[in-house]
Amino acid sequence: MADALVLDRARGFLEAVGYTGDLLQGNYPVWIPGSRDVEIAELVAFARSAPKDMTTALVVVDIEDPARALRVALALGAPFIVRPQGDRFDLRVADPEAAGAPTEWRIVDQEAASELKPLLQPEAATKIKAGLRQLPLFELPVNFLAAARSDSTKNLGEIVGDALSWTAQALAHSGERRRKATRRDRRDAARLVVGSLTALVSRDAVPSEFAGYPNVRHDALDVIEHAAERYPDTFSWLRYAPPSELNVLAELTHELGLGINYRSMDPLVLCHVYEQSLVDTAERRRLGIHYTPSDLATRMVAELPIELIDPEDRYVLDPACGSGSLLIAAHERLRQLQPPDRTLEECHRDLQQRLRGYDIDPFAAELARLALLLKSQPAGNGWRIEATDTLAISDLQMRPRIIVMNPPWKLERKGKRRQRADQFMRWAADVLVPGGLLGAIVPTSWLSARNSAGTRQLLETNFEVFDIWRLPQNTFKTSQQSPSVILARKGRSASIPGFRVVKHVKSSERSTFLAGSPPQANFLIGPTSMPLRVGISPMEFGAMSSPLGDMALVVTGQQRLAGAEDRGVGIHYLPNFENTDPYSRVSIEGLWRLRFPQDFQNARGKSILGRKKVLVSAAGDPGTPWRLKVALDLDGIGCSNGMRGIAPLDQSNSEILYALIAILGSGFANAYAAQFGSDRNIPAAVIKSFPVPTDYFALERLARLGKAAVDAATSPAARPNELHRLLDEIEVEVWSTYDVDERCMARAQRLLADHLAPEGRIRYTSTPIPDASESSMMWRVGAVHDVDGPDVRIWINGVTPLDGVSVELPHRMPGWLIRPGTTFEARHIEAPEDIECAEFKFQSMSWQTDPFEDLPTTTERNQA
């Protein structure tokens, strides 16, 4: 009775800060990762009435065991713990870094609840949970949900991985097999693991159907039979399974269900487990699989303006769905857009019809069904996920209005080299309905790679690409490539063109960006028809200049034959650039000696042998804007094709060499190169087109600084900090020499900020974006009046004059809004200067229906 009264008081407190009765759940079972223990939480508060799981849990109520409450809160990713004490409430934070006890926050009474409502109410607490809002207790925002997902994935992945290995061996030794486990055994084992997980999810979703559960254990076969009755399509294979396989399934279900409850589990954890445990490295490489991180899936789908599509036409397809992370994100997005008066069953039936997925891997498709099943509990089954080769589908009975995908990234070398992702992009461009939306994840190198030029032209011609995100190299755990996200609408407006926003996300910004925060480098680069490779608006400068190619030979280095190594005779040859210090003079001591041209694939580069030159990297990491590394060659050496030699035509003038090394290693030069894309290979044409100032005195000043930098880099021990000081001086001199527009320079420096320059230090640091979350929460209607270069003229009701104000692209303004005449709603605005940090959302008049040409599909064109 005493506990019941305490819980009633806790309910009253939670209701006072915004949690209605349907958001509260008593006696909630939670699996504690790292153990085989299920704790029963007395009371948990959620952001929404469904789903009630790890993604929505916000507050855990603790009566008598703070350590247990912390374990439960960490497992759920719930940021807050409330402990009633007499007539007061002890509020604590479930810090993932806490050692055994929650972090004390404050003690309040019931009357003080209104003071805490701005932090504890569901909307605010959800932002805190996702790391989008910082608690006063912490120096930095904490992503509670990401920490919980990571912990669950790691521990469940190990359990499932062990179960998969055991199952494969059990199948190999069952019946007449009795041999070493084969790839087929592993695939059969994966099917049984998915079936077992499905049965256990069913068990935990509706515990009332199992008498006495969870306190009374049930036989594994009962659990399987119950799931098969509830989801006959999912278990259709069960009727053909031999007894030996059923025995393995029963034992597997017992093992995976022992001390684990799946009710609170985030469906995306299962997607992670697929990547971690159910796909081996060889299979991943063969299929080009790179699992879509859950936070990336959520952010990508959230940024697609689905509201622009008529509610009856919102059909989503993922043609390379894998284990379903993008479909889970689409389920969540569409669920939020459904009418609030629908029942859970009505919502489920509607979503069943609106989500489709294809994947060539049948077990990925099975797991995607399972993830959606878990996401939609207790409503359940019926998801249209097909194990099929998407590219073999020539005609669809119902063309989708929305396609989201992370197609396979794989270079195929059958005949002409091509990227497999191109085939999916072309397929999607074909089947998508005019006016439909596309969200795709591709390698950043795809944006400028020559072998994908045709596919890019298809998108540039037939789509309005309104947003491109260039993400850092650490986005995917299974790939060293930097990914990019493309958001587009099929067709072109018949009246008013749109504009494109490009976001450059640094490694340090990855988590906060994917949680919803804007990046520092956020650029309005021009119309949606611009080439996809363009990453920053053109550099604007006033200095007179001439192309580098007019005053110097720009030649790629020599590519040696396979197996050709130092012979001790021939030309001096630098085989790689990695061990050469930036800005240093290359010494011939220690260089290889090779015969030219006998040891090389061709005679390319002959013209710069014996010439003094600047060496510049010919390739760089697409994930960083600092791609130009420079060094000086005064001996006329040969170099590998990973470098380009820039040899002045006038070899008698050494000053031009030192001026070029100062210029080409500068932030200006790297920002200039970024205009032309970020493929790994830096085209020679970009280097040849580089503008070199014609002012003699400016070049003389740069030559003096360049020579000092070379001297400092070549003898660093004598002056360890001298190079850094000189490079800072060179940066100032180069910007001044080129007479770069101040706003253009600020944009370029935002692009370069916080990235390591070639010398291994950060030359530019960023300025934090102000947090406007504490300002006005009132939504105001606004409109885009006009777009002029990097500026947007915006009107906001009650804040700006009727003709609006011209501002540089606001940090949080999405690309699809950048169109004259578009309306929106915005908040966190009390004065025109607040527009910079405002939050924007869809408004019912946005992008009023505009005629789009109904482009024919491939099938229709072939028939014609």
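Trainee: Which residue in β30 is the bridge partner of Val781?
Mentor: Glu825 is the bridge partner of Val781 in β30. Keep in mind that this is a predicted model.

Trainee: What makes strand β27 and β30 a pair?
Mentor: Two strands pair if DSSP finds at least two bridges between them. β27 (residues 780-788) and β30 have 4 bridges in the antiparallel sense, so they meet that cut-off. β30 is also joined to strand β31 (residues 839-841), by 3 antiparallel bridges. There Ala826 has Phe840 as its bridge partner in β31.

Trainee: Why is strand β30 called mostly covered?
Mentor: A residue is buried when its relative accessible area is under 20%. In β30 (residues 823-827), 4 of the 5 residues are buried.

Trainee: What is the order of the strands in the open sheet with 9 strands?
Mentor: The order is β9-β8-β7-β10-β13-β15-β14-β16-β17, and the pairing is mixed.

Trainee: Why do β9 and β17 stand at the edges?
Mentor: Each of them has a single partner strand, so one side of β9 (384-387) and one side of β17 (521-527) are left without a neighbour in the sheet. Between neighbouring strands of this sheet, the average turn is 20°, direction ignored.

Trainee: How many bridges join strand β13 to strand β15?
Mentor: There are 7 bridges between β13 (residues 437-443) and β15 (residues 483-490), and the two strands run antiparallel. As one example, Ala440 has Ile486 of β15 opposite.

Trainee: Which helix packs on the sheet, touching β8 and β9?
Mentor: Helix α14 (residues 362-375) does, and its direction makes about 170° with that of β9.

Trainee: Why does Asp359 count as buried?
Mentor: The limit for buried is under 20% relative accessible area. Asp359 has 11% relative accessibility, so it counts as buried. Asp359 lies in strand β8. Leaving out residues up to four places away in sequence, Asp359 touches Ala320, Cys321, Gly322, Ala364, Glu386, Ala387 and Thr388.

Trainee: What does the side chain of Asp359 reach at 2.9 Å?
Mentor: The side chain of Asp359 reaches the backbone nitrogen of Asp361. A polar contact needs N or O atoms within 3.5 Å, and the distance here is 2.9 Å.

Trainee: Is Asn261 buried or exposed, and why?
Mentor: Asn261 is at 3% relative accessibility and therefore counts as buried; the cut-off is under 20%. Asn261 sits in the loop between α8 (243-257) and α9 (267-278). A polar atom of its side chain lies 2.9 Å from the backbone nitrogen of Arg263.

Trainee: What describes two packed helices?
Mentor: The angle between the axes and the distance between the axes describe them.

Trainee: Why is α12 called roughly parallel to α14?
Mentor: The axes of helix α12 (residues 325-337) and α14 cross at roughly 25° and come within 9 Å. Angles under 35 degrees count as roughly parallel, which makes α12 roughly parallel to α14. The crossing of α12 past α14 is right-handed. Leu327, Ile328, His331 and Glu332 of α12 meet Ala371, Leu372 and Lys375 of α14.

Trainee: Which strands form the open sheet of 6 strands?
Mentor: The order is β1-β2-β3-β4-β5-β6, with mixed pairing.

Trainee: What makes β1 and β6 the edge strands?
Mentor: β1 (24-32) and β6 (103-109) each pair on one side only. From one strand to the next, the twist averages 35°.

Trainee: How many bridges join β1 to strand β2?
Mentor: 8 bridges join β1 to β2 (residues 37-46), and these strands run antiparallel. Among them, Tyr28 has Ala41 as its bridge partner in β2.

Trainee: Which helix lies across β3 and β4?
Mentor: Helix α4 (residues 122-129) lies across β3 (57-61) and β4 (80-85), and runs at about 100° to β3.

How values were computed:
Residues are numbered from 1 along each chain as its sequence is written. This is a predicted model: local features need pLDDT of at least 70, side-chain atom pairs count only at pLDDT 80 or more; totals for chains, interfaces and linings use all residues. Side-chain values use heavy atoms; hydrogens and water are left out. Axes are lines fitted to C-alpha atoms, for helices over the stretch in contact, and angles run from 0 to 180 degrees between N-to-C directions. Contact means heavy atoms within 4.5 Å. Buried means under 20% relative accessible area, exposed over 50%, partly exposed in between (1.4 Å probe, protein chains only). A polar contact is a pair of N or O atoms within 3.5 Å; within protein, one must be able to donate a hydrogen and the other to accept it, and residues adjacent in sequence count only if both atoms are side-chain atoms. Angles under 35 degrees count as roughly parallel, over 145 as roughly antiparallel, 65 to 115 as roughly perpendicular and the rest as oblique. A crossing is left-handed if the near helix is turned anticlockwise from the far one by less than a right angle, and right-handed if clockwise.
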